[in-house]
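Subject: Structure for your review

Dear colleague,

Please find the structure below, followed by an account of what was found in it.

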Amino acid sequence: MATEERHNPFATAQPAGDGTTLDQQERERLRAQPLWRVRLKLLAGTLWNNWKLFTENKIGLIGLAIILFYAGLALAHPLLMGRVWDPLIYDPVIGFDPLAAPHPAPPSAQHWLGTDPLGRDVLSQLMFSTASEFILGMVAALITVTIGTSIGALAAYFGGWIDTFFMRLADLVITLPAIVLLIVLGGLFTLDLPLLALVIGILSGFGATTVIIKSQALTIKVRTYVEAARVAGGSHWHIILRHIIPNLLPLTFLYMMFTVTDAIFAEAILSYFGLLNIRMSWGLMIHTTQSAGYLLNFQTWWLIVPPGLSITLLCAAFYLVGRALDEVVNPRLRKR
Amino acid sequence: MARYIAQRLLQIILTFFLFLALSYMLLEAMPGDFSQLFLQDPKLTLAQREAIAASLGLNRPPHERFFRYIGSFLRGDLGVSFQYYPRPVVDVILERAPRTLMLFISSTVVSFYVGFFVGKLLAWRRGRVLEYITTVGGVTLYTVFTPWFGLLMIWLFAFTLDWFPIGKFITPRLWRDAPVEANVVFNRMLLTALVVSIVLLTWFILTRRIDTRRRRVVHWGGMGLGLTVVVGIWGASGLGPYALNILHHLMLPVLTLTLISFAGTMLLTRNSMLETLREDYITTARAKGLPEKVIRDKHAARNAMLPVVTSLVFSLAFALSGGVITEGVFSWPGMGEVLLTSAVVQDIPMMMGALIFTAIFALLAHLVVDILYAFLDPRIRYG
Amino acid sequence: MSETILRVENLTMHYTTRAGIVSAVDDVSFTLDEGESLGLVGESGCGKTSVANSLLKLLADNAVIKGGQIRFKGTDFVPLSEEEMRPYRWRNISMVFQAAMNSLNPVYRVGDQIIEALETHLGLYSHAQARQRVTELFTMVGLDPALMDQYPHEYSGGMRQRAVIAMALSCNPDLVIADEPTTALDVIVQDALLRQLKTLQEMIGMSMIYISHDIAVIAEVSDRIGVMYAGKLVELASADEIFHHPVHPYTVALMSAFPSVTGPKRELQTLAGEPPNLLYPPSGCRFHPRCPFATEICRQQEPEFKDHGGGHYAACWHPQEVTA
């Protein structure tokens, strides 16, 4: 039977797009630009979009505001110590103010948050500790995400016994309470701040972070552009470094926030129980208060409220920022 | 299902031995050696020290020491505590473990239930303001500095309002004329709780098939009956007031621990519910004309529960840590408290004993959660 | 003499999204008699599922019925609250959803989920009696009654579909809405299921609204066919009329776009362009950008949905005279 040629009246209808000339011009313009410029523009665009999404949820902004406030405190301390404050009186560890006796002294014009039982200025202690808290958090977080990302990516990519081993290890790390382990470590060794950061970083790195990053890496591994890269002859390392890890970065960044929370909290607990060898921290401030017997004394509120509140606020702030980032990274959580 | 449990048990045993090996290496890594701590007497001569080291087997090759370590563990010998000399570590553990168990189990059950309940309701009724308050409030509770919070609770409820005792486990005054030891009463309480739970569970399972109208009466009636029986037995034994005293001391620590832990469950339940509510079977449930509460509880919450139970594994560690801190703050004489004191005074055997106990407990709890999850999700059971 | 059980008049439904208002259903009217089966056909996104959801007031949070009436046996559903709608759902009108794979709750046994409907609407509390009824239903849809104690994940795709149909029939509804029930299945299962549905419908004497984008499927099951495009009902007539005398150009295009096994071999004629974005629907007749017969009036004014003779409704300024 011969195929009947029938005029299709519908095929002549104009598609709704614009003419092709505009497209051609766009394309020429794009090709003229250097590649790095284009990439930068795309990155800026993505960052701006993500910022908009982040700020939609006011919670993230609150967290960010608190973090910036404390960052300001940390930066202000060395400035104050040199110019405005007399080191002999205001040094957070060895300062002493004979005029404000008896210690602990309530807040006054010279000591905005009063003095602690050893005669040191509370505000100065607070500000000085902030810097160490930040550093502790950042270092621990960096170690965690480095370990977590590399192990997660490797486990996802190579599978097999590498995968099983690290997942079993992660299982063990997750099951055991970190604080308990840290207490034991504090009892066996003398922990100071850098060592603590290292330990926390390693513990978190091999734990939940690895599991979550691995599952994310798995979803990236099966995407078509990875297959395309492999077909095009990309080596294992090329694929891991160029494709998988960059796509893991948002999730990585997110977990950095949670690690900072955990690190600050853990340090505070250990200092409070006197298990850390550290010059000054918020936990240590509360510990000092307790050893001197002022812990349940609500008259001397300035001894426990500032450090306790700061711990909570800063931990909560990082956590809130992490949650807000979660909505940026994980589109399913967004409201329509 | 049985195969699944057997598999998991095997995994746990393997993991535990890995853990033992790691903890042993930790001990070895400690600066100085054990004999130095064992007898910190500077007047000992070098020869005497070496003799002590030999008697402790410290001059043997490392692998031999390791096997002795494992061997001792399997025989139940965890060494002798420094601070409670000459009580063996195992003895202290057996005495204190039930107290920690009680604290932990009560607070975990309550915080899970409360967190789930509140999270479920919050997801069902959405609203910007409510969400902000819950998230911020929840996060604050979650990250509050535990010792500080505990002390606040003590100050408020024990000190100011005088509703609860300040700490510890019993009121000595009351117990001076007690016929039995506190631990006996305590262990009996634990046993009662266990028996009652099992009986209630069996009752619920047996009466599953009764129609919905009468099922509620049957369930609540059964619970009421059970509780009356329990109270009756305790009253008759004369140990009632002592048990009540312990319960009274238990309440504030449980309340504190619950308040700190429930926020995590609540936030997670809320998110999980929100995702579940988008599923097709929820639309079907609506189309079937089912009442709101049924859709929310029977259909949505039941499915939303699954990721929350999975995450229970993570929050277990958090709850355990919280438990240790709470015991410290309230001087609740459990395993957590002894861990803390041991770390401070460097009572190494006791500390390691507490660590091993914690590890076993954590692993078993993990197993329970896994079983619970398999029980809740038929796709795992009959997968 | 079969009476009209459903009368939909000027139904309009909107979705409010972040980008604006999507007019998903605009001024749709049709009737349904007892025992009749109506097929709704159209491209993805043309509003047929939205119409189905509106009938039972199963609206998403951001959806609202802007106007019109949905009269079921005289009662208008539109002003009713969720509480008031409940007795009608499933008991009078039930639904078989699209991709029924996920319509069943994975943690409960299939039988128990059907029994739940029986308890709620028929007051059937006796477990034995309920199981009896489920056995009847399963046999009716061609499932082994022993399967009722198993979980949804243990069923195959076709079995799950049958179970969902059994559930929809459980309370003896007057009307069953089937939204693409066979789309996710392979053709052999599809064929068997369609036959079963047709038999069931005739056996029970219920009305059916069958929704699909597959015109071949619609042809098999429907007495009357409604063609939807971009949220509007553009043509409504008996199945025979739609196939042999399509009036609206869109329907004509649909008829030309699928091959006939028995007819002469001809080149498949497809329709250029895409359905419009319902955020900014075209002015006048929503089909005019793709219509080769469009003139100025099509761009300016919406055509009226009127009878072109013998119960054959269409909304077009240039009705076609095609005999196929």
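**Helix α4 of chain C**

The buried residues of α4(C) are Ala130(C), Val134(C), Leu137(C), Phe138(C) and Val141(C); a residue is buried if 20 or more other C-beta atoms lie within 10 Å of its own, exposed if 12 or fewer, and partly exposed in between, with C-beta atoms placed from the backbone. Because they cover an arc of only 100° around the axis, they lie on the same side of α4(C); the arc is that of the directions from the helix axis to the C-beta atoms. Ala128(C) and Thr139(C), on the other side of α4(C), are exposed.

This is a predicted model, in which local features need pLDDT of at least 70 and side-chain atom pairs count only at pLDDT 80 or more, while totals for chains, interfaces and linings use all residues. Residues are numbered from 1 along each chain as its sequence is written, and chains are lettered from A and ligands numbered from 1 in the order in which they are written.

The buried residues of α4(C) pack against α3 (110–122), α5 (157–169) and α6 (187–204) of chain C. Contact here requires C-beta atoms, placed from the backbone, to lie within 7 Å. Helices (H or I, at least four residues) and strands (E, at least two) are DSSP runs, numbered from the N terminus. Just after α4(C), Gly142(C) has a positive phi of about 85°.

**A helix pair in chain B**

Helices α13 (residues 292–330) and α15 (residues 348–376) of chain B pack at an angle of about 170°, their axes 10 Å apart. Axes are lines fitted to C-alpha atoms, for helices over the stretch in contact, and angles run from 0 to 180 degrees between N-to-C directions. The angle therefore makes α13(B) roughly antiparallel to α15(B), a term for angles over 145 degrees. By class, their contact has 14 nonpolar, 3 polar and no charged residues (Ala, Val, Leu, Ile, Met, Phe, Trp, Tyr, Cys and Pro count as nonpolar, Asp, Glu, Lys and Arg as charged, and the others, Gly among them, as polar).

**Leu248 of chain A**

Leu248(A) is in helix α11 of chain A and is buried, with 23 other C-beta atoms within 10 Å. Not counting residues up to four places away in sequence, Leu248(A) touches Thr149(A), Ala153(A), Ile213(A), Gln216(A) and Ala217(A). The C-alpha atoms of Leu248(A) and Ile220(A) are separated by 8.5 Å, and these residues are 28 residues apart along the chain.

With kind regards

Methods. Parallel < 35°, antiparallel > 145°, perpendicular 65-115°, else oblique. Contact = placed C-beta atoms within 7 Å.
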